[in-house]
Amino acid sequence: MEINRRQFVAIPGAALAAGSLFSASGSMPWHQRIRRVGQINMTEHDPVTLNVEEWADYWASLKVDAVQVSVTGILAFYPSKVPFHKHGKFLGDRDFFGDCCRAAKKRGLRVLARMSPDLEWEDALEPHPEWFERNGQGAPVAHTEEPKLYRTCMFTTYFTEHIPAIMREVNSRYDVDGIFTNGWPPLGRLPVCYCEQCKKLPKAGSMAYWDKFSERVLELWDLYDGIAKEKKADNLYFGNLGGSIHCTANLKTLGDKTYWFNCDNQGRGGDDTPIWGCSLQGRVCGAVMKGKTSTNVTAAWSTGAIRWRNASKSPQEAQMWMNETVASGMVPWYHFIGAEGGLGEDRRWQEPGRQYFNWLARHEKHFFNKRPIANLGFVMGQRTHLFYKPPFTGSVQQYVDGMYYALLEGRFLFDFVHEDDLGVETLEKYKALILPNTALLSDQQCRQLQAYVEAGGSLLATFEMSLYNERNERRQEFGLSEVFGIQKAGDVTGTNGNAYYARIERKHPILDGFTNTNWIPGAEYRIPVKPVGEPVLSVVPGYVAYPPELSYPPKPHTDEPAVVVRERGKSRLIYFPGDIERTMWRSGHTDLSRLLQNSVHWLLAGDSPVVIEGDGAIESFAWETEAGFALHILNYTNPAMHRGWIREFFPIGAQKVRMQLPEGRRVKRVELLRAETDIPFHVRNGFIEFTIPKVVDYEVAALYA
Ligand SMILES: [Zn+2]
């Protein structure tokens, strides 16, 4: 195997996925061509208050490809005959679902039947005790807000008989194009249930339970997709898949199966969530869907810890979330809840949505992506996210956030890669891979990474990388000990007072810019490793921070490495024993971000497919598209970058772009899609160069090739 340095290698996974998608007529099914989705999430009251014609006109005016209409499962929005599919109290004799479905179809919109199988009323408790989730005492588990509703269990016949009965009833009566379940698979948590079915399963929360859980998700997914296809061959089922890497089922196996990944990643509140939460989601989808349809729900309602389901959020915040959706390769799904007074007491969200979707429709040919352009991979470690116990109280997401932030500061283009997808066909496009404390790696995954290095690939890893196998069992030695040339010399060491330092031992490109100092910050936690020859940084152990009289290093010099840097043939390897990306996130220390950025630059040896120079905090994506290429720049230069919501945008100035073109591709025109103007460009030695004069919140340079 030879690592291909070029960024334009086709991704066989994507080609395979797309190939199997073509129908007999040679065209792609409708669900792989959609670019806009809309939803007013229907309430029990809507059958007597929502103005169906106005509702359908609104979504048609946004040029959406599909709308969601509620069937539900908690409350029937049509005269259902399925026992225990309770009619809403305002439904009366009306066929509300049918009316909405017909109104949408009249306007040429696809209809997705929305169900919610996660809860059922207390009326069903006695006749169907087997349907419900049970606590340790065997009692059914009531919903936290509405005590008459109880949580259902996905291992029971509720999911294999009751929900399919509703799906088939809807199929038999209505012209639907797809079936969607909200509330299943469960978002962000694995079920803990002691019902008769679950008693036969491995212990809740264990790795063995996760395997069974993931199997059940696939089994139900197949069952529901089969039912959707009983109606029409190109109908489909898809479920709701939460946000971030912390989704519940194995995303690799689910991504291999499904043609539509929907992210219930609706937005942030006034907390300290970074703005890139939606782009990060797009990277997760890219890793497991490889170009198949991924949608991200953007709430126009007020998201956050304190919620107003029926009031609009800041339109700038919603707009940035949609910018990130499309920049990262997903399809936006605009969402509001309830239609009091015809189409909402608060209608402020409607015009911004119309403006945005119409802009997108005008330029949609540049949003059909073929493949991402990046030569840097970021291993997303789903098992580490679900099972690794960090040495602190808090979220494992901190490792990802810190590394992500450093990569944004360094303006790198990168893809996420799932740990179950480390084969040659996926890794060959990457010059380097990052393992941000990817603690759980199987023997096979370690062998794949070793093969990647032997073929010339480079790696950057931190902290407890490979110290656990895929079953979360601790190894005595790093699984990648030989690859990085490291040996464990002790257990995790934390900080009591003043964190450790990294003493500069010799010059190295990863230390560029550190002048006039003999040391830089270390990290909050580290794994001691054995001495290596010619260290670049050595550990000065932590000591007392208070009182200041004692705040000096009793041991100013050791031979314990604070980084291990290695070259093996064409491969470059960097291992940081400290959790430096997380420490950067927690401390905000700019030295640690610089160290990480320098390290990535050294791994890539100056080989970047796209270089963007200019002021400001940005995130960027580059795609090969059906129309040519597209470079997306998101402007995060905003006081709300680390704390929602965005109130106004602060434009940044000129961004100078230099982008590598694959051989034989000629660019005819460069258009800025937000500014809606063409800009000059020139091509030299296989690189195209142009300057984007200004970015308000978002800009897309579309290259017609
Ligand atoms: Zn159960």
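Trainee: Are Cys193 and Cys195 buried or exposed?
Mentor: In this predicted model, Cys193 is buried, and Cys195 is buried too.

Trainee: Which protein donors does the zinc ion have?
Mentor: Cys153, Cys193, Cys195 and Cys198, each through its SG atom. They lie 2.2 to 2.3 Å from the zinc ion.

Trainee: What spacing do those donors follow along the chain?
Mentor: The pattern is C-x39-C-x1-C-x2-C.

Trainee: And why is the arrangement tetrahedral?
Mentor: Because the four donor atoms subtend angles of 101 to 118° around the zinc ion, and the cut-off for tetrahedral is that all angles lie between 85 and 135 degrees. Ideal angles for four tetrahedral donors are 109.5 degrees.

Trainee: New topic. How many residues has the largest nonpolar core?
Mentor: It has 203 residues. Trp55, Trp59, Phe97, Phe416 and Phe484 have the most contacts inside it. Helix α6, residues 207-231, gives the largest share of this core, with 10 residues. Another core, of 24 residues, lies apart from it and includes Ala374, Leu413, Ile652 and Leu661.

Trainee: What is Trp59 in contact with, leaving aside neighbours within four places in sequence?
Mentor: Its contacts are Gly38, Gln39, Ile40, Val64, Val67, Leu109, Tyr334 and Trp349.

Trainee: Last one, Ser481. Where is it found?
Mentor: Ser481 is in helix α15, which covers residues 481-484.

Trainee: Why does Ser481 count as buried?
Mentor: Because its relative accessibility is 13%, and buried means under 20%. Not counting residues up to four places away in sequence, Ser481 touches Ile486 and Gln487.

Methods:
Residues are numbered from 1 along each chain as its sequence is written. This is a predicted model: local features need pLDDT of at least 70, side-chain atom pairs count only at pLDDT 80 or more; totals for chains, interfaces and linings use all residues. Side-chain values use heavy atoms; hydrogens and water are left out. Helices (H or I, at least four residues) and strands (E, at least two) are DSSP runs, numbered from the N terminus. Buried means under 20% relative accessible area, exposed over 50%, partly exposed in between (1.4 Å probe, protein chains only). Contact means heavy atoms within 4.5 Å. A nonpolar core is a set of buried Ala, Val, Leu, Ile, Met, Phe, Trp, Tyr and Cys residues joined through side-chain atoms within 4.5 Å. Donors are N, O and S atoms within 2.8 Å of the metal (3.2 Å for Na, K and Ca); water is not among the atoms, so sites may look incomplete. Four donors count as tetrahedral if all angles lie between 85 and 135 degrees; four count as square planar and six as octahedral if opposite donors are over 155 degrees apart and all others between 65 and 115; anything else is irregular.
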